[in-house]
Amino acid sequence: MKTLLLTVSLLASLLAGCSPYRLVRNESDKAATWSAYRTFAFVDTNRIDPTPRDAYQVAVEQVKQAVAAELVKRGYQPTRDNPDLLVNLGAVVREKTQTRQTNITEAPLYIGQRRYSWRSQEIPVSTYNEGTVSLHIVDAQRTALLWDVAVSSVLNRRGVTPVQIGEAVAKVFDKFPGNRK
């Protein structure tokens with residue numbers, strides 16, 4: 001019975017540890033005094049590209065809401081006037097190719113004059129989209145980068161839901177160096 005309970009708890013912890021989101025980058029300024037910061041605001045990305053695509057704008061707004069919720073949860077307050085921290089977001093979607101390795105039982109490669117070669121090679125199987133969201137938190141007064149983090153995930157064809165965005169942002173903020181509470 002003890003062995004069964006141990007096995008079930010180990011399996012549950014392994015499943016809880018599995019996540020469809022992968023931290024690609026997590027760098028922070030070790031000398032930053034996070035307790036000195038109290039307020040935050042988002043960088044106005046409309047100044048960079050005044051006409052982003054609608055789908056991009058909706059996704060960025062959902063990420064902004066999730067990031068703001070995480071920062072508020074940690075004791076930082078949103079403001080429009082003279083913030084201590086500036087938050088910059090970026091998102092990129094890239095099409096990637098899934099491949100697989102051939103094996104010896106598959107058709108040999110003919111190289112002429114009755115000579116065949118059996119060798120393993122990568123062959124394309126399908127394509128998929130991978131989305132990456134980058135988050136930069138900057139000291140507004142010194143314009144110094146305090147935290148640079150990115151999270152990546154394979155996107156399904158139906159799009160990303162606000163719940164999935166919230167889960168990804170929560171995973172990112174598990175590594176947040178500035179827990180003020």
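This is a short tour of a predicted model, one selection at a time.

Residues are numbered from 1 along each chain as its sequence is written. Local features need pLDDT of at least 70, side-chain atom pairs count only at pLDDT 80 or more, totals for chains, interfaces and linings use all residues, and side-chain values use heavy atoms, without hydrogens and water.

**Stop 1: the sheet**

Switch to a cartoon view. Helices (H or I, at least four residues) and strands (E, at least two) are DSSP runs, numbered from the N terminus. Find the open sheet of 6 strands. Its order is β1-β8-β7-β4-β2-β3, and the pairing is mixed. Two strands pair if DSSP finds at least two bridges between them.

**Stop 2: β4 and β7**

Select 85–101 and 122–139. These are β4 and β7, antiparallel over 17 bridges. Leucine 85 has aspartate 139 of β7 as its bridge partner.

**Stop 3**

Move on to β8. β7 and β8 run antiparallel, joined by 11 bridges. Valine 133 stands opposite valine 151 in β8. The two strands form a hairpin with 4 residues between them. Click threonine 143 in the turn: its phi is positive, about 50 degrees. On to β1, which pairs with β8 in the antiparallel sense over 7 bridges. Here tyrosine 21 stands opposite serine 153 in β8.

**Stop 3: serine 152**

Select serine 152, in strand β8. Is serine 152 buried or exposed? It counts as buried because its relative accessibility is 3%. Buried means under 20% relative accessible area, exposed over 50%, partly exposed in between (1.4 Å probe, protein chains only). In β8, 9 of the 12 residues are buried. Contact means heavy atoms within 4.5 Å. Beyond its neighbours within four places in sequence, serine 152 contacts Pro20, Tyr21, Arg22, Val24, Glu130, Gly131 and Thr132.

**Stop 5**

Select helix α3 (residues 162–173). It packs on the sheet and touches β1, β7 and β8 (144–155). Now show the largest nonpolar core, with 26 residues. Such a core is a set of buried Ala, Val, Leu, Ile, Met, Phe, Trp, Tyr and Cys residues joined through side-chain atoms within 4.5 Å. Among the members that touch the most others are Trp34, Val67 and Phe173. Finish on valine 67. Not counting residues up to four places away in sequence, valine 67 touches Phe42, Val87, Leu89, Leu135, Val169 and Phe173.

Technical notes
Axes are lines fitted to C-alpha atoms, for helices over the stretch in contact, and angles run from 0 to 180 degrees between N-to-C directions.
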